[in-house]
Amino acid sequence: MNIKKLFPEYIFESSWEVCNKVGGIYTVLSTRAKTLHDMIGDRLIFIGPDCWKDSESPYFEADSTLLENWEKKAKAEGLKVKVGRWKIPGNPISVLVDFTPYYERKNEIYAEMWEKYHVDSLHGYGDYDEASMFSYAAALVVENLYSYLCLSSHKVVYHANEWMCGLGMLYINNRLPKIGTVFTTHATSIGRSIAGNNKPLYDYLWAYNGDQMANELNVESKHSIEKQSAIYADAFTTVSDITARECLELIGKPCDVVLPNGFENDFVPKAAAFTKKRKLARQKIFQIANCILGETFNDDTLVIGTSGRYEFRNKGIDVFIESMNRLLRDSRLNKKIIALVEVPGWVGAAREDLQKRIASGETFDTALDYPVITHWLNNMPHDSVLDSLKQYDMWNHKEDKVKIIFIPCYLNGADGIFNMEYYDLVIGNDLSIYPSYYEPWGYTPLESIAFKVPCVTTDLAGFGVWANTVKGAPSEIEDGVKTIHRTDYNYSEVADTIKDTVVKFASMTDAQVKKARSAADKLSKKALWSEFISYYEEAYDIALTKASKR
């Protein structure tokens, strides 16, 4: 007999990245929103930080008439909120809350969390206070709305994303026990720290003690709130089987459900518009490469890209540069290559000499000084990408077949050089490479294949494991995704495999490339939210079932 799953009548979901585009979680929430909104309409309510204060947010449109004019009442009761809609597909209701008033009460708040849940906030530093005060404020919003909308007889779920929203989830657990709680860690704070500190994570995962490592790596407070949130959540979730194993070993609690990250492909242009955008992207890449390098490039040039957060080892930026260096000396390579490193660094300003060349519209035959970067950095002598290029003497010499260009800015359409959105540029790639060492899921490869750009990833990325699972065997470039086996110690082998894959791709016929691009497109459609939302339904059911027993 099939037992019907419980599904929430109201979903409150909080994240630091609601109406605040700073990382991959923004993509998770903003692409999933339409699927959920289609299911329950305006009973889906997101809560994010009011980072914009008096200035206008590009992601949020205020509308105080929503939620039965609750905003005025909330403000009268001391909650500084803005009610409106998130400017994403589905246009869900969003509440932005000013969390700064709670700083003066933080010691009292932390003391209560210690007494009730044994959360250690004594060792918090950096963004810990900021995240915790937002998390607390978000919980107050839910508490106030729960009362105002008279929801005690309704099925309600509160979904908290990352340790940054854990404190508020515990507040809900304590004050509103009828609400089912879901906690999602997209990457464990201690796992990321172990990997980021150049320690071997995977071979020794079984031997690490999470509490001990948190103490050693000075992330005790983040680990503490994450651990207690996992323990007390009705449904503890993460985004991939890789991270689920990490949670079990480092947090000490198995996940209830794995929630793989889907997406909506409505941002991908169709038919003639796709062809036009790809052509424009390649023209822009070739123009800027000419202005920097003093060389001309035709459409036979292979454009390769890597992108993401600037985590030099975790994101595999180090091995990407290493593989491009080895490619320089591979006599089998039969095409020119432009390799773009699109990772936002501590950017200072767009290069004026480059801007002048672009504005002139001329074609150049001499390179600029420092012909490897589009924007000046504030830390030029101490930048990991530039240090690697110096070490390998990858200075884009005239005779080099592989030219590497570092784009250290957010591609938001106003960077001063490309002045294009990231999606409008990535469509121009022939091949994308994301050889991650630590990657709980991996949106960049998923976005790449959505634009019919085959990619290389690793089986230490949740996405890479998923691609292998879909095929039922290691995925190859002909399948749209090449998944490389990566371990704690096979860095050199990975670099060689990337190099060989690029050589292979460069020698593929037009028909073979077309087939690989088509396979990438088809694979991306298997990761749409319509395919993955069932996992969320399972998590909601677990949370509501437990809440109903309280």
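**Burial, crossing and cysteines in a predicted model**

Modeller: In this predicted model, helix H15 is mostly covered, as eight of its eight residues are buried.

Biologist: Which residues of H15 are buried?

Modeller: The buried residues in H15 are Tyr 443, Thr 444, Pro 445, Leu 446, Glu 447, Ser 448, Ile 449 and Ala 450. After H15 comes Lys 452, with a positive phi near 65°.

Biologist: Where is Ser 436 placed relative to H15?

Modeller: Ser 436 lies in the loop between strand S15 (431-433) and helix H15 (443-450).

Biologist: Why is Ser 436 called buried?

Modeller: Its relative accessible area is 2%, and buried means under 20%. Ser 436 is therefore buried.

Biologist: What is in contact with Ser 436, leaving aside its neighbours within four places in sequence?

Modeller: Ser 436 is then in contact with Asn 314, Lys 315, Gly 316, Thr 458, Leu 460 and Arg 486.

Biologist: What makes the pair Ser 436 and Glu 439 a polar contact?

Modeller: The side chains of Ser 436 and Glu 439 are joined at 3.2 Å, and the cut-off for a polar contact is within 3.5 Å.

Biologist: Why are H11 and H17 called oblique to each other?

Modeller: The axes of helix H11 (residues 317-328) and helix H17 (residues 491-506) cross at roughly 55°. Angles under 35 degrees count as roughly parallel and 65 to 115 as roughly perpendicular. H11 and H17 are therefore oblique. Their axes come within 8 Å, and the crossing is right-handed.

Biologist: Which residues make the contact of H11 and H17?

Modeller: On H11 they include Asp 318, Val 319, Glu 322 and Leu 327. On H17 they include Tyr 491, Val 494, Ile 498 and Val 503.

Biologist: How do you know that Cys 255 and Cys 247 are too far apart for a bond?

Modeller: The sulfur of Cys 255 has its closest cysteine sulfur in Cys 247, at 4.0 Å. A disulfide needs the two sulfur atoms within 2.5 Å, so the separation of 4.0 Å is too far for a bond. The search of the whole structure finds zero disulfides.

Biologist: Is Cys 409 buried or exposed?

Modeller: Cys 409 has a relative accessible area of 7%. Since the limit for buried is under 20%, Cys 409 is buried.

Terms used
Residues numbered from 1 in each chain as written. Predicted model: local features only at pLDDT ≥ 70, side-chain atom pairs only at ≥ 80, totals over all residues. Heavy atoms only, no water. Buried < 20%, exposed > 50% of the residue type's maximum accessible area, 1.4 Å probe, protein only. Helix = DSSP H or I, 4+ residues; strand = E, 2+ residues; numbered from the N terminus. Contact = heavy atoms within 4.5 Å. Polar contact = N/O pair within 3.5 Å; in protein donor to acceptor, adjacent residues only side chain to side chain. Axes fitted to C-alpha atoms, helices over the stretch in contact; angles between N-to-C directions. Parallel < 35°, antiparallel > 145°, perpendicular 65-115°, else oblique. Left-handed = near helix turned anticlockwise from the far one by under 90°.
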